[in-house]
Amino acid sequence: ADNRKTAVFPMQTDLYLAYRPYNPKQYNQGRLTLLLNTGALGSRDEEFDGFADRFFVREWFAMYHDLPYQVYVRAGRFLPPHGWKLDDHTGFIRQGQMILGLPFDHERQVTGIEVGINPNYAYGHLSVFNNADQWDKPVDHDCGYGAAASGGWRDLGWQAGGSFIYGKRSALASGDCGSPGEVPGWRQWAMSAQWALNFHYLTRVLPLIYLGEYHVNHTDVEGTEDPTIGLAAFHELGWLIMQGLNATVRYDWADTNIDFRYDSMHRVNLGFEWYPVPFLEIIARYRHNWLHTDDRF
């Protein structure tokens, strides 16, 4: 009667399908996996007014893997490796970063080829791709091209690594690459450092995990004199209370343009992750955001 909309709605639904047409019994002999990820969004945006408009294909690729030293190659539509891939896609190091024209969250898939290696502790990934924005047009020359690389070392008690991504796109006319109007061209690179500590392994006592990342985003837009430089940071502590129950404390920070004062963002997350049965996870989080210290509460 009062035309109010409910605040409870299904934000996202996914269906994963995988098939292995080549799957030998021997390990390290190579096997082929085909993957398809379809989904539906619960967004209230006008573009999703029609029921059918909510459905899309998020990822699809063929991957040849399980080779010596865990070498793999995949081709298709996928999310390029860059930084921590968090379950919370709204983090400032993910959705808060405009990378390759869109927020770098769980929907920023690209179409290309990727190779990787992960022998034991060292790891490395390299991909080249087309920056096509629309899932139903996975290859679009107007959207530009890019590349991403990441590597590091995963040990039992610690981890350290780095990521780099680069992309460029020429100026767009109205309708090109899904643009609503004319859009200037740009060239962008972003890099980040990631790290982790396993205090339980290091101390044999504390059931504590620490994750961190620092991110730098550099964008040159045609027609502007100076580039835009953005920064972001992420820290999380995870405490294993008991088997199947974990408590987390997370702090996110971002400054989307270092040339502007008082535009930094802060966020604190307090949460619990509960696994009542295998493969079922229930997450409860309290989130607090603020822009200025004086306005925090």
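User: Which residue in β2 does Y22 stand opposite?

Analyst: Y22 stands opposite L32 in β2. Keep in mind that this is a predicted model. β1 and β2 run antiparallel, joined by 9 bridges.

User: And how many bridges pair β2 with β3?

Analyst: There are 10 bridges, again in the antiparallel sense. On that side, L34 stands opposite A62 in β3.

User: What does D87 form a salt bridge with?

Analyst: With R285, where the closest N and O atoms are 3.2 Å apart. D87 sits in the loop between β4 and β5 and R285 in β16, so the pair ties together parts 198 residues apart in sequence.

User: And D88, which side chain does it meet?

Analyst: D88 meets R287 in a salt bridge, 3.1 Å from N to O. That pair also links distant parts of the chain, 199 residues apart.

User: Is D88 buried or exposed?

Analyst: D88 counts as buried because its relative accessibility is 7%, under the 20% cut-off. R287, at 35%, counts as partly exposed.

User: How many salt bridges are there by this rule?

Analyst: The count comes to 13. Another one is R169 with D133, at 3.8 Å from N to O.

Technical notes:
Residues numbered from 1 in each chain as written. Predicted model: local features only at pLDDT ≥ 70, side-chain atom pairs only at ≥ 80, totals over all residues. Heavy atoms only, no water. Pairing = 2+ DSSP bridges. Helix = DSSP H or I, 4+ residues; strand = E, 2+ residues; numbered from the N terminus. Salt bridge = Lys/Arg side-chain N within 4 Å of Asp/Glu carboxyl O. Buried < 20%, exposed > 50% of the residue type's maximum accessible area, 1.4 Å probe, protein only.
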